[in-house]
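Thank you all for coming. I would like to take you through one model this morning, beginning with the sheet, then turning to the helices and the core, and ending with the charged side chains.

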Amino acid sequence: MSAAKQYDEGRLMQVLVAPIVSEKATQAAEQSNAVLFKVLRDATKPEIKAAVELMFKVQVKGVSVLNQKGKTKRFGRTVGRRDHVRKAYVTLMPGQELNFGEGV
């Protein structure tokens, strides 16, 4: 847990915005033991790793991030845009597990 110590715990609690539960996320979980999270736009890989280890008490093998540009959408005459999203693929160590559907 030394990675969590070098960051502010309040900041780490805010880094993970929401888990992403989709077909693609489920497939990633089955194939490579990875979990998807929506994270803050300015979050770094070490911060994301420390936040997951702190909040879920699991060991993280690696973190891959991607920035998804917001789609342009029309609402009648007005043109709007969805927000940009930063996603994190968090790969867990073998034997580690993280389930979101347990309490449901």
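Predicted model: local features only at pLDDT ≥ 70, side-chain atom pairs only at ≥ 80, totals over all residues.

What you see here contains an open sheet of four strands in the order β1-β2-β6-β3, with antiparallel pairing, where strands are DSSP runs of E of at least two residues and helices are runs of H or I of at least four, both numbered from the N terminus, and where two strands count as paired if DSSP finds at least two bridges between them. Because β1 (16–19) and β3 (60–68) stand at the edges with a single partner strand each, one side of each is left without a neighbour in the sheet. From one strand to the next the twist averages 30°, angles here being taken from 0 to 180 degrees between N-to-C directions, along axes fitted to C-alpha atoms, and for helices over the stretch in contact.

Residues are numbered from 1 along each chain as its sequence is written, and side-chain values use heavy atoms, with hydrogens and water left out.

Helix α3 (residues 23–32), for its part, lies across β2 (34–39) and β6, running at about 140° to β2.

What does the interior look like? The largest nonpolar core has 19 residues, and those with the most contacts inside it are L16, F37, V39, I48, V52, V90 and L92. By a nonpolar core I mean a set of buried Ala, Val, Leu, Ile, Met, Phe, Trp, Tyr and Cys residues joined through side-chain atoms within 4.5 Å, and by buried, under 20% relative accessible area, with exposed being over 50% and partly exposed in between, for a 1.4 Å probe and protein chains only. At least two residues of this core come from each of α2 (9–15), β2, α4, β3 and β6, and α4 supplies the largest share, five residues. Leaving aside its neighbours within four places in sequence, L16 is in contact with F37, K38, V39, I48, A51, V52, M55 and F56. There is also a second, separate core of six residues, which includes I20, A34, L36 and Y89.

Finally, the charged side chains: how many salt bridges are there? The count comes to two, a salt bridge being a side-chain nitrogen of Lys or Arg within 4 Å of a carboxyl oxygen of Asp or Glu. In one of them the side chains of D42 and R11 meet at 3.4 Å, N to O, and this pair links distant parts of the chain, with D42 in the loop between β2 and α4 and R11 in helix α2, 31 residues apart. E47 also forms a salt bridge with R11, the closest N and O atoms being 3.0 Å apart; since E47 lies in helix α4 and R11 in helix α2, the pair ties together parts that are 36 residues apart in sequence. Within it, D42 is exposed at 52% relative accessible area, R11 is partly exposed at 21%, and E47 is buried at 9%.

Note on methods: Contact = heavy atoms within 4.5 Å.
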